[in-house]
Structure formats: C-alpha cells, structure tokens
Amino acid sequence: MTLIETIKSDMYKAMKEREKDKVRVLRSIISKIKDKQIEKGSSLNEVEELKIVKNSVKQINESILIYKKANRVELVEKESTELSILESYLPKMLTDQETKALVSLAIKKTGAKSMSDLGKVMPVIMKLGGGLIDGKKANIMLRELLGWMNFVIDSLIFIFILALSIRGY
C-alpha cells in the first residue's frame, strides 16, 4: 500500500471513529499530495509523497515555535496534535550517532578538510542518508567536524613552524 493509500485508509477509519482533528489533518495532507499530482501531471512516487509530509511537519514545527514565543498555549496544543498525527507517517529518522557516522563517512569520501568544502559534502550526506537524515542536524555536525579538523590542522602547522624555528631553520 502506498503512502497516500495508507493515509486515505486511516482517514476513513478516523471518520468512522469520529476523530475530527485526525480527519482534518489527513484531509489536508491528501489535498496537498493531490495538488502536487495535478501540478506534476502524473501520480507521485513514495519519495515525493513523503517529501510533502516532511514539509508539512517542518511547517508545523515552525508554527509551534512561533506560538510558544507568543505564549499561545491553545495553538501550541493544536499544532502538537497535528504534528503527532503527521509524524506517524514518517520513517524513523537516523539517530545522532548514526548521523555523525554518516557525516564522517561523507567527509572521508569527499576528502573535505575545511569549511570551504561544506558545499561539496552536504549533497553527499543527503544522498547517503536518503530521506532518513535531518539536514539541519547533519549540517551542524558537519560544521563541528570540519571546524575541529581545521583546529587540528592549524595546531599541527603551528607546532611544525615552532619546531623549525627552534632548530634555526
């Protein structure tokens, strides 16, 4: 069963059980998927459908942050309910350890050594992670690892220059 079929099935089940919030959220996501299908002119594959759900989750997370800052508890609760419904359709994301391992692998594959290589490494990370990696989290880890590598390289260069100056070169 495809993602949209699963969502439709769950929506019909929620209608029978009179779960108004769930029905509203699922109708909304089905509508977004159908809009994209119409725009494309053909049916979407699983990855494209998943991308729509991910974008909706991202929008809801941003809304929650805004509502929290505005101290709108009732809206935070409403959005949190929507978020939990939509997140049930997302695959399990990579853990922090798995993400860090993948970022390290991408650094080795590309031979990145400094922050200027960031644009070269991120596409590799996203390709290796498929749809299971949080790009924002991966970017932060990449910056940390490349920053640490720069620190180590700079330190080694400093020690080398210091050693040469002590020996009188």
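The questions and answers below go from the whole chain to single residues.

User: What kind of model is this, and how many helices and strands does the chain have?
Analyst: This is a predicted model. From the N terminus on, its elements run α-α-α-α-α-α-α. The count is seven helices and zero strands.

User: What radius of gyration does the chain have, against that of a compact globule of 169 residues?
Analyst: The C-alpha trace spans about 85 × 40 × 25 Å along its principal axes. A compact globule of 169 residues would have a radius of gyration near 15 Å. The chain has 23 Å.

User: What share of the residues in the chain is buried?
Analyst: Buried here means under 20% relative accessible area. The accessible surface of the chain comes to about 11,500 Å², with 59% of that belonging to carbon and sulfur atoms. Of the 169 residues, the buried share is 28%.

User: What share of the contacts with a separation of 6 or more comes from residues 24 or more positions apart?
Analyst: The contacts in question are those in the chain with a separation of 6 or more. Residues 24 or more positions apart account for 59%.

User: How far apart are the centres of the positive and negative side chains?
Analyst: The chain has 30 positive side chains and 22 negative ones. The centres of these two sets are separated by 3 Å.

User: Which helices do the buried residues of α3 pack against?
Analyst: The buried residues of α3 include Leu50, Ile52, Val53, Val57, Ile60 and Ile64. Glu49 and Ser56 are also among them. Their packing partners are α1 (3–16), α2 and α4.

User: How far apart are the end C-alpha atoms of helix α4?
Analyst: Helix α4 covers residues 73–87, which is 15 residues. At 1.5 Å a residue, the span should be 21 Å. The end C-alpha atoms agree with this, at 21 Å.

User: Against which helices do the buried residues of α4 pack?
Analyst: The buried residues of α4 are Val76, Glu79, Glu82, Leu83, Ile85 and Leu86. They pack against α2 (20–40) and α3 (46–69).

User: Is arginine 18 buried or exposed?
Analyst: Arginine 18 lies in the loop between α1 and α2. Its phi is positive, about 60 degrees, although arginine 18 is not a glycine. The relative accessible area of arginine 18 is 73%, over the 50% cut-off, so the residue is exposed.

User: Is asparagine 71 buried or exposed?
Analyst: Asparagine 71 sits in the loop between α3 and α4. It is not a glycine, but has a positive phi of about 60 degrees. With 65% relative accessibility, asparagine 71 counts as exposed.

User: What distance separates the C-alpha atoms of lysine 92 and isoleucine 133?
Analyst: Lysine 92 is in the loop between α4 and α5 (96–110). It is exposed, with a relative accessible area of 66%. Isoleucine 133 is 41 residues apart from lysine 92 along the chain. Their C-alpha atoms are separated by 9.3 Å.

User: How far apart in space are isoleucine 140 and lysine 100, C-alpha to C-alpha?
Analyst: Isoleucine 140 belongs to helix α7 (residues 135–167). Its relative accessibility is 47%, so isoleucine 140 counts as partly exposed. In sequence, isoleucine 140 and lysine 100 are 40 residues apart. In space, C-alpha to C-alpha, the distance is 9.9 Å.

User: Which residues is methionine 141 in contact with, leaving aside its neighbours within four places in sequence?
Analyst: Methionine 141 is located in helix α7. Its relative accessible area is 11%, under the 20% cut-off, so methionine 141 is buried. With neighbours within four places left aside, its contacts are Asp96, Thr99, Lys100 and Val103.

User: And how far apart in space are methionine 141 and lysine 36?
Analyst: In sequence, the two are 105 residues apart. C-alpha to C-alpha, methionine 141 and lysine 36 are separated in space by 33 Å.

Key. Residues are numbered from 1 along each chain as its sequence is written. This is a predicted model: local features need pLDDT of at least 70, side-chain atom pairs count only at pLDDT 80 or more; totals for chains, interfaces and linings use all residues. Side-chain values use heavy atoms; hydrogens and water are left out. Helices (H or I, at least four residues) and strands (E, at least two) are DSSP runs, numbered from the N terminus. The radius of gyration is taken over C-alpha atoms; the globule rule is 2.2 Å times the number of residues to the power 0.38. Buried means under 20% relative accessible area, exposed over 50%, partly exposed in between (1.4 Å probe, protein chains only). Contact means heavy atoms within 4.5 Å. Accessible areas come from the Shrake-Rupley method with a 1.4 Å probe; for residues, only the protein chains shown count as cover. Lys and Arg count as positive and Asp and Glu as negative; His and the chain ends are not counted. The place of a charge is taken as NZ of Lys, CZ of Arg, CG of Asp or CD of Glu. The expected span of a helix is 1.5 Å times one less than its number of residues.
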